[in-house]
Amino acid sequence: MVRTRVLISGTVQGVFFRDSCRRVAVQRGVSGWVRNLPDGRVEAVFEGPEDAVAQLVSWSRSGPPRATVTAVETLEESPETLTTFTIR
């Protein structure tokens, strides 16, 4: 079990990034959350099996079709044993 916090920059708000992220996370069995930040970025926490979390981090580098991702920052954290994936 691993946990990664991701900060995504670019055109990532108003393009269904959070909803798409939630759907991809649920499909891959990853828990956590995603939210818009006031500065225009999207922040997400992915928690679950290492391979599945790595897939979500990789997905974040492009996001949904209407998104234009310019940067992704990651931070490894201690897992909190989350059980669901939510949009905040």
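**Exercise 1: the surroundings of Arg 3**

Leaving aside residues up to four places away in sequence, Arg 3 touches Trp 33, Val 45, Phe 46, Glu 47, Leu 75, Glu 76, Glu 77, Ser 78, Pro 79, Glu 80 and Leu 82, where contact means heavy atoms within 4.5 Å. Before going on, note that this is a predicted model, in which local features need pLDDT of at least 70, side-chain atom pairs count only at pLDDT 80 or more, and totals for chains, interfaces and linings use all residues. Residues are numbered from 1 along each chain as its sequence is written, and side-chain values use heavy atoms, with hydrogens and water left out.

Task: Is Arg 3 buried or exposed, and which side chains does a polar contact join to Arg 3?

Solution: 
1. Arg 3 has a relative accessible area of 4%, so Arg 3 is buried (under 20% relative accessible area, 1.4 Å probe, protein chains only).
2. The side chain of Arg 3 makes a polar contact of 3.1 Å with that of Glu 47 and one of 2.8 Å with that of Glu 77. Such a contact is a pair of N or O atoms within 3.5 Å; within protein, one must be able to donate a hydrogen and the other to accept it, and residues adjacent in sequence count only if both atoms are side-chain atoms.

**Exercise 2: a separation**

Task: How many residues apart in sequence are Arg 3 and Phe 85?

Solution: They are 82 residues apart in sequence, and their C-alpha atoms are 13 Å apart in space.

Technical notes
Buried means under 20% relative accessible area, exposed over 50%, partly exposed in between (1.4 Å probe, protein chains only).
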